[in-house]
Amino acid sequence: MRTRARIRAAVGASLVASLLAACGTGSGDEESAVPEVGDFTGRGPISFVAGKDFAGGMSALLKEWNDKHPDEKVTFIELPEQADQQRQQYIQNAETQSDAYDVISVDVVWTSEFAAHRWIDPLPEDEFETGKMLDPVVEAAKYRGQLYGAPNYTDAGLLYYRTDLLRKAGFDEPPTTWDEMAQQCDEILELPESKGMSCYAGQFEKYEGLTVNFAESIQSAGGSIVGEDGKPALDTPEAKEGFSNLVDGFESGMIPKEAITYQEETGRQAFQKGDLVFHRQWPYQYALANADDGSSEVAGKFDVAPLPGVDGPGSSSLGGWNLAVSSFAKNKATALDFIKFMTTEEMQRKRLVESTQAPVYASLYEDDELIEQYPYLPELKESVLSAEPRPRVVRYGDTTAAIQDEAYAALTGEKSAEDALASLQQRLAGLVDGP
Ligand code: GLC
């Protein structure tokens, strides 16, 4: 799987090169199209721009920096919760070449787009400990071999499951396939304590989370959105089988109707209220759902496992966020220092302990103390290493919009899974494999 991902990444990079030449966003000349590492000069106050801090803890981190840097204070600009809305705001900022944003938090899927448009500065890789980080995470922060973001945390989807209910129904292990999950649900939902519960949910609202869940459904059946030849591969039996798990899940009620409105946070609330037996979610949910302050009804009653597949465990979409310097920032020396401060191993250990955000440093997944506290760390590392990137393309906005439209139409019953895949196959041609 990893080899396939690498081949795809390489194919993606060369396609991006031709795209660039065709779009006129680059010179087309290999050498001059990759900008030199930026000139990080200018010190003073900066802003740090990121999506809603639902894992918590941001103000404590910023206070730590601000106490040490009274003349270079950082102000947090909190953007909306949805990744797509954040992307819009970054693009608006870049189009007006505003210096309001200095350090920005960039979703791994935007790396190519932001770098190709020169909205973010190339970073000096030798000033970061990329050698100690997980390879796919570093790869996802690069565009044409150049580092454009410092990996801040990574993300891989996990199957959260209710240990208490599985045990009660006589299951010792979580399901590894969709069929097993459906069978377990049949038994579990018969239990008196499961009254009113539903089997499974992920993120199905029409936004980036849907692209993630769509990609995972297909990968987990052995398919992929982009094939090894760099062309859309939605006309395969694997794509149909995988995506049908979601479409049929909505049809049969295995996935509750209201899940069509779920983003990360709405789904988390449902899981924490005890409405779901199984939930596909990122690592950050672990700490919040386990909080013993009364905010979660499932604290101590769940565990995590790899996502289910068709013949065995499935595969996650690679998520995560990198910190980048906006090309239009003024105080770039401060911006670079702040990114270094935020992305040290020590800081990532702290954030793992406080908010279970998945670190990018390999050593933290092998740390005995941490493994004792978070026994799922070795599995999480495997999930990150085997995760597949979403299409690595400059026109990512159009690509994800097409996926969201078609996937949503099928999940809401407006189109069959087959029709949606067929029209997506056409819409992605030219987006992922050419100008
Ligand atoms: C998480 C992931 C990110 C993904 C987003 C979708 O934040 O880290 O990569 O795009 O979820 O909602």
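I began with helix H3 (residues 58-68), which lies across strand S1 (46-50) and strand S2 and runs at about 160° to S2. A reminder to myself: this is a predicted model.

Next I looked up the sheet. I found an open sheet of five strands in the order S2-S1-S3-S11-S6, and its pairing is mixed. Its edge strands are S2 (74-78) and S6 (150-155), each of which pairs on one side only. From one strand to the next, the twist averages 20°.

Which way do S6 and S11 run? I see them antiparallel, with five bridges joining S6 to S11 (residues 319-325). I also noted that Pro151 stands opposite Asn322 in S11.

Then I turned to helix H17. Does its length fit its residue count, or what span should I expect? At 1.5 Å a residue, the 16 residues of H17 (396-411) should span 22 Å, and I find the end C-alpha atoms 22 Å apart, so the two agree.

I checked how covered H17 is: 12 of its 16 residues are buried. Among them are Tyr396, Gly397, Ile403, Gln404, Glu406 and Leu411. What do the buried residues of H17 pack against? I listed helix H4 (83-95), helix H5 (111-116), helix H9 (208-219), helix H10 (237-252) and helix H18 (417-428). Just after H17, I spotted Gly413 with a positive phi of about 80°.

H10 and H17 pack at an angle of about 40°, their axes 9 Å apart. I therefore call H10 oblique to H17. On the H10 side, the contact is made by Phe243, Leu246, Val247 and Phe250, and on the H17 side by Ala407, Ala410 and Leu411. Sorted by class, this contact has seven nonpolar residues, no polar ones and no charged ones.

My last stop was Ile91, which is found in helix H4. Is Ile91 buried or exposed, at 11% relative accessibility? I count Ile91 as buried, because its 11% is under the 20% cut-off. Leaving out residues up to four places away in sequence, I find Ile91 touching Glu113 and Trp119. I also looked up how Ile91 sits relative to Asn331: they are 240 residues apart in sequence and 20 Å apart in space, C-alpha to C-alpha.

Notes:
Residues are numbered from 1 along each chain as its sequence is written. This is a predicted model: local features need pLDDT of at least 70, side-chain atom pairs count only at pLDDT 80 or more; totals for chains, interfaces and linings use all residues. Side-chain values use heavy atoms; hydrogens and water are left out. Helices (H or I, at least four residues) and strands (E, at least two) are DSSP runs, numbered from the N terminus. The expected span of a helix is 1.5 Å times one less than its number of residues. Buried means under 20% relative accessible area, exposed over 50%, partly exposed in between (1.4 Å probe, protein chains only). Contact means heavy atoms within 4.5 Å. Two strands pair if DSSP finds at least two bridges between them. Axes are lines fitted to C-alpha atoms, for helices over the stretch in contact, and angles run from 0 to 180 degrees between N-to-C directions. Angles under 35 degrees count as roughly parallel, over 145 as roughly antiparallel, 65 to 115 as roughly perpendicular and the rest as oblique. Ala, Val, Leu, Ile, Met, Phe, Trp, Tyr, Cys and Pro count as nonpolar, Asp, Glu, Lys and Arg as charged, and the others, Gly among them, as polar.
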